[in-house]
Structure formats: C-alpha cells, structure tokens
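Reader: I would like to go through the charged pairs in this model. Please set each value against its cut-off.
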Amino acid sequence: MKVVALVSGGKDSCYAMMKAIHYGHEIVALANLMPLDDSVDELDSYMYQTVGHQIIVRYAECMGLPLFRRRIQGSSRHQELGYKATQGDEVEDLFILLREVKRKIPSVTAVSSGAIASDYQRLRVESVCSRLGLVSLAYLWKQDQSLLLQEMITKGIVAITVKVAAMGLDPAKHLGKELAFLNAYLHKLKELYGINVCGEGGEYETLTLDCPLFSNARIVLDEYQVVMHSSDSIAPVGILHPLAFHLENKADAQYLKSHDKIHEICTQKLGSVYEVHDSLEGCEAMFKPVDYRADAIDGIEHKFNISRTNNKGTFSLCFWLQDSCNGLQEDLNIVLGKIESQLLGLGFGWENVLYIHLYIDDMNKFSEANETYIKFIRQEKCPFGVPSRSTVEMPLIELGFSSAYIEVLVANNKDKKVLHVQSISCWAPSCIGPYSQATLHEGILHMAGQLGLDPPTMNLCQGGPGVELEQALKNSEAVAKCYNCSISTSAIVFVIYCSKRISPLERLSIQEKQETILRQMKTSHLQEVNSYKVLVPLFLYVLVPDLPKRACVEVKPILYVEDGTDTASEVITKSSRSETPSHDWGFKPENWHDSCIQKCVVSGKICAIILYITSELATKICIDSQPDDYVKNGQYSLPKEHMEKISKFCIYLLEKVMTDNDFAWEDIMSLRFYIPESLQMPVQLLQPMFCNALSELSEMCQKKFQNGEEPIFNIVPVMGAGRSASSMDDIVTCELLARKS
C-alpha cells in the first residue's frame with residue numbers, strides 16, 4: 001500500500017515507517033501536526049508530541065518526500081477512551097491534515113503511526129482512518145519495549161532526548177543524549193522505578209536526527225537550551241529547545257547500501273513542504289453512515305425460525321428464514337433487520353450484543369455478506385464496542401435452512417470490555433470493520449474466531465493446516481494477554497472449525513500440534529504469573545465446507561477471566577454419580593455415560609458441557625441396533641424413532657450433569673446441537689424432536705423450559721463434529737454454556 005506516515009520527530013514514528021517498508025509498503029508522504037505558535041515548544045495535548053517541531057520541516061529534505069503540516073487549532077475536548085467526531089477537538093486537526101494528503105495524493109491508502117501502548121492515541125488514529133477510508137498501520141503496537149528499543153538502536157535510529165519527566169532522569173544530565181548512550185540506564189530505571197523504557201508513560205520524548213530513511217542528509221544539532229518546566233526534586237521536567245541546526249549531506253552511497261532495502265524508496269531529491277490551513281468549522285466525516293433498516297425492503301411478511309435461551313442476564317437469540325429468498329445478501333438483510341427489530345422490542349439494541357455467529361451457505365459470497373452486515377452493525381450503534389464475531393460456511397440449504405443463519409449473544413446490561421484493534425500490526429490480526437477481537441462480560445471472554453493469519457501482512461501462513469493452527473493459537477494468546485490471562489490456563493471451551501479440504505492425515509497432525517502448543521504456552525504462562533489456577537478446557541472439532549480466506553482452520557476460544565473476587569474453581573472432565581432422577585425415560589446410569597460427556601465447571605458460576613454421541617454410543621442408546629445399521633454407502637441412515645430416542649437421551653444426560661453441579665435450564669446462555677448433513681434429516685424434522693423431549697422433561701419436572709413456541713436451543717448443520725480432529729463423525733454433538741445470573 002502507499003502510505004502517509006505520521007511523524008512527530010520521535011523515534012517511534014520513524015521506526016514505524018521502517019517497519020512499514022519492511023512489510024512491503026511504500027512511504028509516499030509525511031504528515032505532522034505542530035503548535036499554532038512557533039515559539040511554543042510543547043502543547044498540553046493528549047495526542048501529539050510537539051517538542052522539537054522546529055526541526056521537523058527538514059525531514060522532507062532528508063527523506064526526499066513531501067511533508068504536509070498543520071497547526072493544531074483544537075484541544076482535547078472529547079476525553080473518553082472511545083472517540084467520536086467532535087468539533088473543536090485536536091483529533092479533527094488530524095482529520096483535516098490527512099484529508100488534504102488524500103486529496104493531493106489519491107493513491108494513498110494507509111497511514112503509519114508509532115503507537116506502542118496508548119489505546120487513547122490508537123483509537124483516535126483508527127477513527128480518523130475509518131472516516132477517510134484509510135487503513136491504519138501500527139507495527140509497533142503491543143511490542144515488548146525492551147526489545148523494541150534495542151531494535152531501534154541496532155537498525156540505525158539516531159535519536160536524542162528532547163524531554164525528560166521521570167524519576168531518575170535529570171534534565172541537566174540526560175537531555176540531548178542519544179538513545180544508544182541511555183539504553184542501559186533506562187533499563188536500570190525500569191528495574192528501580194518501573195519506568196517504560198520506550199517512554200510510553202511520558203517519561204521522555206525523543207527527536208530523530210538520523211535513520212536509514214534519511215537518504216539525502218542527516219540533521220546536526222548545533223546549539224540548544226534547556227528549558228525547565230518543573231524543578232521538582234524527585235522528577236524534574238525539562239525540555240530541549242533547539243537554537244541552531246544544519247543538514248549534513250550523505251554523499252557516501254555505501255551508507256545506503258548497508259541498510260537493506262530501505263534506501264530503495266528514498267530518492268535523491270528535495271521534498272516539498274505544504275501547510276494545510278482549512279478551518280475546523282464544519283469539519284464532518286467524508287463517509288457518513290446511512291441508517292439502514294430492512295423492514296420495508298419488500299413489504300412482505302416473512303416467516304422466521306427463532307430460538308432463545310432463558311438466562312435472564314445473558315441469552316442467545318437465533319434467526320433464520322423459513323421462506324428463504326433467492327440469495328445470501330437478501331436473506332441476510334432480512335434476518336438482520338428482524339434481529340434489530342426483535343432487540344428493540346426487548347428494549348435492547350446492537351450495543352447489547354456481545355457475540356455474533358454468522359453462518360452462511362457460500363464463502364464465495366463473504367464480501368457480499370460483509371457489505372450487508374456493516375449496514376446494520378456499526379460503531380455508531382455500539383458506543384461501548386462492536387460485537388465479536390465468527391463467520392463460517394455451513395451446509396445450510398442441504399438441511400433445510402436459509403442462506404443466512406445468525407445467532408447473537410445478548411446481555412441485559414452494557415457492562416462489557418471490548419477489544420477492537422483496527423490497525424494492522426505485529427500483535428494480532430486486525431479487525432478492520434464492525435467486529436472486535438474479543439468481548440469480556442461478567443467473567444466470560446468471548447473471542448472472535450481466529451484464523452492462521454500473519455498479523456503484519458494479514459496473509460494466511462503458508463505450510464498447511466498445522467502451521468495455520470499454530471498461528472491461530474498464537475493470535476488467540478495475544479488477545480488473551482490483553483485481558484491478563486492465557487488460553488492455556490483460562491480457556492473453558494475451544495471450538496476448532498476444520499475445512500473439508502484438510503486430509504485425514506493432516507487432521508491427526510492438527511490434534512498433535514494443538515496439544516503441543518497449548519502445553520508450551522501453559523508452561524511459559526505459569527512461569528510468568530506464578531499461578532496455580534488452571535482450567536482444563538473442552539475441545540470441539542467441527543468439519544465445515546469452507547472458512548474465510550480459504551483457511552484450513554479457525555479457532556474460537558471461550559475463556560473464564562477472574563475478577564479478583566472469585567472463590568476457588570472446580571474443573572471436572574468426567575461426570576459424577578448421583579441418584580437417578582425420576583424423569584429418566586427409562587435411561588439408567590451406566591459407566592459408558594462418562595464417555596459421552598466432557599465438562600468444565602467453575603463452582604457456582606459457570607458450567608460448560610460437550611456431549612458427544614457417536615454411532616457406537618447410539619447403538620447403546622438404541623439397544624436394538626448395531627453400528628453398521630447407521631452407515632450405508634458413506635451416509636448415515638438413522639430411523640426417525642432412533643433419533644427421537646437419542647434426542648431424549650441428550651436431554652436426559654444434560655439435565656443430569658447440570659443437576660449434579662447445581663445448574664438449571666434457566667442458567668443456559670447458549671445450547672447448540674450440531675447435526676451432520678450426512679444424517680439426511682432436515683431441521684424441520686429434527687427441531688420438533690428436541691422440542692418434544694424438552695417438553696416431556698418440562699412436564700415431568702413440572703418446570704417451564706421453553707419460551708412459548710420458541711426453542712431454547714439451536715440446530716447447527718455441519719459436515720461433521722467430534723471430540724478430536726481425527727474423529728469428527730458424531731451423530732449428534734451438543735455444546736452447552738451456562739452461567740449463574
């Protein structure tokens with residue numbers, strides 16, 4: 001991509017440019033914001049470094065690139081973490097500046113910035129980029145600061161301190177010193193006082209005088225004065241005010257050749273400088289979102305299949321069309337419109353949605369689905385953060401569903417913590433659009449489906465399914481660390497979607513790879529945090545027709561994140577014995593029941609259950625059958641009465657396990673029955689079976705489980721599912737997640 005680089009003069013913005021070039025992008029322009037008054041060194045700004053701004057003008061000549069500058073007219077008016085366009089705010093100066101760059105250089109498609117740890121700054125750059133249709137590049141984001149500082153020095157960044165404001169940093173001693181000189185001392189201060197060695201806590205600011213990108217000249221500071229802002233005895237604050245400097249031409253071509261391919265993008269020419277003068281008045285977004293409602297598209301009263309769980313705090317709503325229209329986009333449009341109106345009827349909106357499962361019938365139409373999706377779900381409608389999402393192709397039409405099938409997880413409050421990083425970085429894959437990496441709500445972390453994407457390039461890792469799985473797990477771990485946890489110790493459930501393109505041999509390697517990587521992560525994490533609390537997660541492997549980007553695997557973890565007030569957790573992987581309930585349909589406790597069940601229980605809080613019914617177990621449930629009776633010519637052939645009995649057994653066993661652990665049906669947040677298309681039973685036949693089983697249980701227990709005619713479960717059509725990658729051949733697989741409200 002062609003990139004405009006935001007430059008403050010500091011080391012971070014310069015090194016961010018170098019990283020952008022390393023990953024194949026081209027820097028075509030520079031952009032800088034400076035004080036309204038030239039005599040002022042530093043502004044009271046939450047966004048911009050301005051110390052040393054007098055020298056930035058020469059960056060154009062040093063790099064041979066056009067430099068666009070704007071004087072900051074706004075102030076920090078909108079100080080909440082999430083930003084929305086606010087007239088008179090200093091962020092609008094950045095918007096005007098980049099808008100002019102885009103007008104002058106239409107080929108610009110991305111913006112580079114040096115954000116490392118500040119969500120406040122990153123979110124504002126992302127907001128501006130979103131409004132201008134640009135991609136944010138933040139290649140330093142979440143990187144280890146010690147390693148980053150050493151990299152900068154090693155790669156040729158020559159930067160001096162122009163501001164110090166931390167314990168142990170003395171303006172008289174440390175201003176004007178090069179990073180290479182201060183490196184060891186900064187690490188000593190980190191050990192003594194916990195400072196950020198890259199200055200992310202405002203400990204110091206720098207000015208880059210030379211780097212491999214300065215192809216024409218380096219800057220030489222001839223004279224400066226130290227200006228004290230505070231003479232505090234513990235942490236004095238001082239800045240360096242440049243008085244005289246000059247450029248020193250780089251005539252030695254060998255200097256350029258020694259710095260990899262950096263010099264290739266810097267031509268030997270003088271850069272032009274443009275000052276952008278537009279007023280902040282009337283500053284508006286270039287792309288105003290259209291409020292899109294689907295209700296009045298065709299005026300037809302459509303028939304929907306709707307299900308809803310009973311948990312009062314967090315519940316799932318599931319929708320698909322019974323009278324499918326011709327096409328994914330049209331179906332999705334109608335279903336999203338129905339969900340929106342249903343949420344409004346309950347007194348909620350999209351801001352209450354934590355997670356969205358988007359099942360579509362054809363991954364070739366993924367971009368079309370996204371186009372429709374973003375018309376309904378946008379940042380403007382979700383001020384507390386957009387929902388996390390997983391998108392998978394399923395055999396919908398084959399089992400009687402419409403082209404679009406959506407499940408939303410809804411909370412009755414807005415107490416959620418959303419992680420939505422839109423910038424492309426080395427940290428984890430970006431979410432450029434209205435879906436977030438993860439959503440934490442009341443102790444449960446719902447993570448978006450992770451592909452094996454290389455974060456800085458956003459390309460699938462090459463090397464096959466095992467390599468993709470390893471990267472997907474690493475990406476998931478990077479997200480988990482933002483919530484101070486690890487997928488290796490805090491995961492409740494892993495759902496791993498596998499593409500049908502994976503061979504049986506590769507499926508086996510996936511299983512081995514997953515076990516090895518999680519074991520290594522656990523060892524590393526426990527050494528870092530010195531913790532003994534470890535959950536034993538459940539695993540569900542699901543075979544699907546296709547995944548986004550033609551990926552081989554997609555990993556979807558659910559984690560339990562302690563809030564510091566939790567009591568000890570209990571983890572169980574085998575069912576415990578209890579007295580036989582009276583509502584047993586004739587089923588008696590058997591030793592083999594344990595082989596059907598995996599569960600993870602956080603005592604008094606969370607209960608996760610996965611129930612696996614293989615053809616072998618089905619013969620034990622339906623004692624008058626043999627395994628061979630169910631498979632003919634590679635397809636399942638299951639009598640309806642046998643499926644009815646299996647559905648009752650599933651409900652019986654779920655009831656037993658929940659009762660054993662003091663959970664009830666009204667605690668269920670989500671309940672899915674995965675049915676293979678090879679079973680050749682349409683949803684119109686399957687859904688009544690499970691509804692009848694629940695109704696019978698309800699009558700026997702004298703409790704109400706259903707929401708009127710709405711089921712409390714979802715039927716999810718798949719190509720296969722099971723407890724391991726090598727055995728995704730269950731007749732029925734059930735996934736249940738319950739939480740005490």
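Reader: Why is Asp546 called buried?

Author: This is a predicted model. Asp546 has a relative accessible area of 7%. Buried means under 20%, so Asp546 is buried.

Reader: What makes Arg501 partly exposed?

Author: Its relative accessible area is 41%. That lies between the 20% and 50% cut-offs, so Arg501 is partly exposed.

Reader: Why is the contact of Arg501 with Asp546 called a salt bridge?

Author: The closest N and O atoms are 3.1 Å apart. The limit is within 4 Å, so the pair counts as a salt bridge.

Reader: How do you know that Arg501 and Asp546 link distant parts of the chain?

Author: They are 45 residues apart. Arg501 is in the loop between strand S22 and helix H14. Asp546 is in the loop between strand S23 and strand S24.

Reader: What makes Glu26 and Lys2 a salt bridge?

Author: The N to O distance is 2.9 Å. The rule asks for within 4 Å, so the pair qualifies. Glu26 sits in strand S2 and Lys2 in strand S1, 24 residues apart.

Reader: Why is Glu26 called partly exposed?

Author: Glu26 has 35% relative accessibility. Exposed needs over 50% and buried under 20%, so Glu26 is partly exposed. Lys2, at 31%, is also partly exposed.

Reader: Why do Glu696 and Lys648 count as a salt bridge?

Author: Their N to O distance is 3.5 Å. The cut-off is within 4 Å, so they count. Glu696 is in helix H17 and Lys648 in helix H16, 48 residues apart.

Reader: How many salt bridges does this rule give?

Author: The count comes to 28.

Conventions:
Residues are numbered from 1 along each chain as its sequence is written. This is a predicted model: local features need pLDDT of at least 70, side-chain atom pairs count only at pLDDT 80 or more; totals for chains, interfaces and linings use all residues. Side-chain values use heavy atoms; hydrogens and water are left out. A salt bridge is a side-chain nitrogen of Lys or Arg within 4 Å of a carboxyl oxygen of Asp or Glu. Helices (H or I, at least four residues) and strands (E, at least two) are DSSP runs, numbered from the N terminus. Buried means under 20% relative accessible area, exposed over 50%, partly exposed in between (1.4 Å probe, protein chains only).
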